[in-house]
Structure formats: structure tokens, C-alpha cells
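The stops below can be followed in order.

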Amino acid sequence: ISASIGITLVPNDGDEVSTLLRSADLAMYAAKQAGKNSFHFFDQDMQIKAIEKHQLEMDLTDAIINNQLELHYQPIVDMQSREVSSYEALVRWNHPTRGFLPPDEFIGIAEESGKIVDLGYWVIRQVCELISHRTRQQRNCDPIAVNLSPKQFVDPNLLENIRTIVKEADIDARKLEVEITESTLMDNVDDAIQIMEQLRAMGIRIAIDDFGT
């Protein structure tokens, strides 16, 4: 058993119990993020970061509703043929005041708050609509991969939601690929196998991300 310890000092960090406990809690999470089994002293930057994080979490809800998110498509190249074989959808956030935010600034927040589930389905819906649009225009459409977060993968509505989105877009499910990290699969192997088998039964391609880690 190991411990992560947050330390706050009187009177520099406050003189009320509630304030001191909140500050110690922030310091404890800083110790965890630094690798656990350590200690960390509270400082005012932690409070500022906590406020910014909370604001971004609230802004993210508006971003999903108000279409502030957009997808960029990264080509995946076959090493033998040297040709593009598919694409990976990467989400970017065009924040109304902070401009474009890279994923490392908001994906972690989405994971912690649970908003990653709604965000993930938004991505799948956008990708399926793009596939549908290109198919109707009789344009070439290589498969497009989307990332499934660990929380989305264990969502009990995952299969039904994906099935509904694919059906509404009226696309060939083989044009959609889901990327799942190896660590997510290994958390519960039996359940993961059942989910993957049902995804494959729909025709959806599956890729294992971060393989070997």
C-alpha cells in the first residue's frame, strides 16, 4: 500500500478548516498526478488551475451543443503500398475565447467529468455523416477510424448507440473503424471479447491502439 499526501500550511494557505481541507485535497491530487506515492505542498497556482479546469469542463458542455468542435482527418498509410488506406478522426475544439485547443488540454477533463461519452458519440455521428455524404456523391471513401475511450467502451448503451447512428446515416458499416487501447481491453477481457464480436458482427472494423504497452 502506498500513499499520496497533500500538505497545506496555516496561516499562509488559509485559516478556515474548509479552505485548508480543499487546499490539501488539491495538493494531494497534484501528488497523484506526479506519479503517486509522494507528497506535494499546496500553492496558489493549484487553485488557479482548478478554477480554469472547472470552467473548461462547463465550456465543454456548450461546445458539444453549439458545434464548437470539429474533426481533422489524419491519413493512415500502408507501409507496403505507400498508399493511404484509411483515416483517423481527431477532434479539435475551437474555443470562443481561447481559440483552437489541442486535445491534451480538454480530453483529460472530458474523461474525468464523464463528458467523454457524449463527445465520443458526437465524433462517431460526424464521421458517419461524412461517410454518408461522400457515398451519396459517389466519391471514394476510405474507412475512417474513431477512438473509443475506456468509459465509452464500458457504456452499456455503446452497441445500441453505434447501431442506431450507422443505421440513421445509412452507411456501409465496413467504412467505420473503432480504435480501442490495449489497456482498455485487458481491464475485462471476457466483456471486451463480447463487445468486439458484436461490433464485428455489424461489419465494423476494429483496431488495437497502444499495442504492446
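This is a predicted model: local features need pLDDT of at least 70, side-chain atom pairs count only at pLDDT 80 or more; totals for chains, interfaces and linings use all residues.

**Stop 1: helices α4 and α6**

Select residues 116–136, which form helix α4, and residues 158–169, which form helix α6. A packed pair of helices is described by the angle and the distance between the two axes. Here the axes of α4 and α6 come within 9 Å and cross at roughly 25°. Because angles under 35 degrees count as roughly parallel, α4 is roughly parallel to α6. The crossing of α4 with α6 is right-handed.

Now show side chains at the contact. From α4, pick Y121, I124, R125, C128 and S132. Facing them from α6 are L158, N161, I162, I165, V166 and A169. Sorted by class, this contact has 8 nonpolar, 2 polar and 1 charged residues.

**Stop 2: Q152**

Move to helix α5, residues 150–153, and select Q152. Is Q152 buried or exposed? Its relative accessible area is 1%, so Q152 is buried. Display what lies around Q152: beyond its neighbours within four places in sequence, Q152 is in contact with V117, G120, Y121, I124, N147 and L158. Among these, Y121 and I124 also belong to the α4 side of the contact with α6, and L158 belongs to the α6 side.

**Stop 3: F153**

Stay in helix α5 and select F153. F153 has 3% relative accessibility and therefore counts as buried. Which residues does F153 touch, not counting those up to four places away in sequence? They are L148, L158, I180, T184, L185, A192 and I195. For a distance check, draw a line from the C-alpha atom of F153 to that of R92: the two atoms are separated by 21 Å, and the residues are 61 apart along the chain.

**Stop 4: the salt bridges**

Side chains of opposite charge can pair when their charged atoms come close. How many salt bridges does the structure hold? There are 5 salt bridges, and the tour visits some of them.

R163 is partly exposed at 36% relative accessible area, and E160 is partly exposed at 45%.

Next, select R174 and D172. Their side chains form a salt bridge at 3.0 Å, N to O. R174 counts as exposed, with 56% relative accessibility, whereas D172 is partly exposed at 34%.

Finish with R205 and E177. The closest N and O atoms of this salt bridge are 3.0 Å apart. R205 lies in strand β8, residues 205–209, and E177 in strand β7, residues 176–181, so the pair ties together parts that are 28 residues apart in sequence. Colour both residues by accessibility to compare the two ends of the bridge. R205 counts as partly exposed at 32% relative accessibility, while E177 is buried, with a relative accessible area of 8%.

Methods. Residues are numbered from 1 along each chain as its sequence is written. Side-chain values use heavy atoms; hydrogens and water are left out. Helices (H or I, at least four residues) and strands (E, at least two) are DSSP runs, numbered from the N terminus. Buried means under 20% relative accessible area, exposed over 50%, partly exposed in between (1.4 Å probe, protein chains only). Contact means heavy atoms within 4.5 Å. A salt bridge is a side-chain nitrogen of Lys or Arg within 4 Å of a carboxyl oxygen of Asp or Glu. Axes are lines fitted to C-alpha atoms, for helices over the stretch in contact, and angles run from 0 to 180 degrees between N-to-C directions. Angles under 35 degrees count as roughly parallel, over 145 as roughly antiparallel, 65 to 115 as roughly perpendicular and the rest as oblique. A crossing is left-handed if the near helix is turned anticlockwise from the far one by less than a right angle, and right-handed if clockwise. Ala, Val, Leu, Ile, Met, Phe, Trp, Tyr, Cys and Pro count as nonpolar, Asp, Glu, Lys and Arg as charged, and the others, Gly among them, as polar.
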